[in-house]
Amino acid sequence: MKPALMLGVSLAVAAPAVLADPLYTATFLPENFTAYGIGNDGSVVGSGINPDNQQRAFVWLDGTTTFLPTLGGQSAWATATNGGAVVGASLSGDFTRGFIYRNGDIRSTGTLYGGESIAYGINAAGQVVGDSTDASGNSRAFLYSGGTLTDIGTLGGADARARGINGAGMIVGGSQPGPGFPDDGAHAFLYHDGTMQDLGTLGGGFSWAEAVNDAGQVAGYSLIGAAAVWHPFLYSGGVMHDLGSFGGDFGEAHAINAAGMVVGYSSFVGDGFSHAFVYADGSLVDLNNVTDGLGIQVLTDAVGINDAGQIVANSCNDFGYCAPVLLSPVPEPAAAFLLLAGIPVLLWRRKN
């Protein structure tokens, strides 16, 4: 992310919840699409209904929607994109298989033990992570690299599921922690160089990791105590930080960018839509309060953020209209002024 943009975001998140000037502008994707991720080129991926009324994985970029082929089945969805490659899952006969799509070609990631598989994350090197069921129906986390599918193990229990991978090959997800924690459904993990590390929880018996950036910072969510209350977290510097909430009992972090900005959703006290948030510099900001052009739409969940600060969120309104929304950062006036002020200097240097 550019320094000027980071400065703008940092100042904004420290301001009151409702700002006079928006931080983002809204661009709507087609109705009844669901977004799951965004690439650094601004491409959005997810699941949508094609002209033949079939569910298909899509890539949306600059207003153009491309539906991807399937592995032979009738439906597919895309979960992540990096460097033009897209991953997700597709029906293939009677089974679901993870896929990787690149340059018009789609291929299966395969399966570890003959069961279902889904791909959830991909890094710049084309390494893919996800999960695949075994003969007993347990999910096992996999790494797909160089055409080979590898089971990366568990935290001691029978189940593990991978959700994200960074450029260094660090993998995150959730796994049963084993007999030492008999009542815990899963703990967030960080896997690197053959070792799976338990990241712990925020005090409850469950946690889950969704994304990791190249600095090794992890975003996810965790129970915060014995009650059914869970909050988004940022794991950084060996510590799991509670990002708080908008007052409700539940919230999740779904993505993180290179600058450590986290996005997800949080509920409020009482009924109603959850709201999408962005977290930066210690502040949890409701994206509905800082985005221009939403109208009656409510941003319910932010599912992706790229290194340029673009965010993709899903939205709905009270009339049942739902659509993804691309949020683009608004340049700070001060930054624009500095840029204009620098032009004469650049011209003078070129002349001399």
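Author: Cys-322 counts as partly exposed because its relative accessibility is 22%, whereas Cys-316, at 17%, counts as buried. Here buried means under 20% relative accessible area, exposed over 50%, and partly exposed in between, with a 1.4 Å probe and protein chains only. The model is predicted: local features need pLDDT of at least 70, side-chain atom pairs count only at pLDDT 80 or more, and totals for chains, interfaces and linings use all residues. Residues are numbered from 1 along each chain as its sequence is written, and side-chain values use heavy atoms, with hydrogens and water left out.

Cys-316 and Cys-322 are joined in a disulfide, with 1.9 Å between their sulfur atoms. A disulfide is taken as a pair of cysteine sulfur atoms within 2.5 Å, and by this rule the count is one. The link of Cys-316 and Cys-322 is right-handed, with 110 degrees about the S-S bond.

The strands are a separate topic. Strands (E, at least two residues) are DSSP runs, numbered from the N terminus, and two of them pair if DSSP finds at least two bridges between them. Strand β16, residues 187-192, is mostly covered, five of its six residues being buried. Strand β15 (residues 171-175) runs antiparallel to β16 and is joined to it by five bridges; Ile-171 stands opposite Tyr-191 of β16. Strand β17 (residues 195-198) also pairs with β16 in the antiparallel sense, over four bridges, and His-192 faces Thr-195 of β17 there. Two residues lie between the strands in the hairpin of β16 and β17, where Asp-193 takes a positive phi near 50 degrees.
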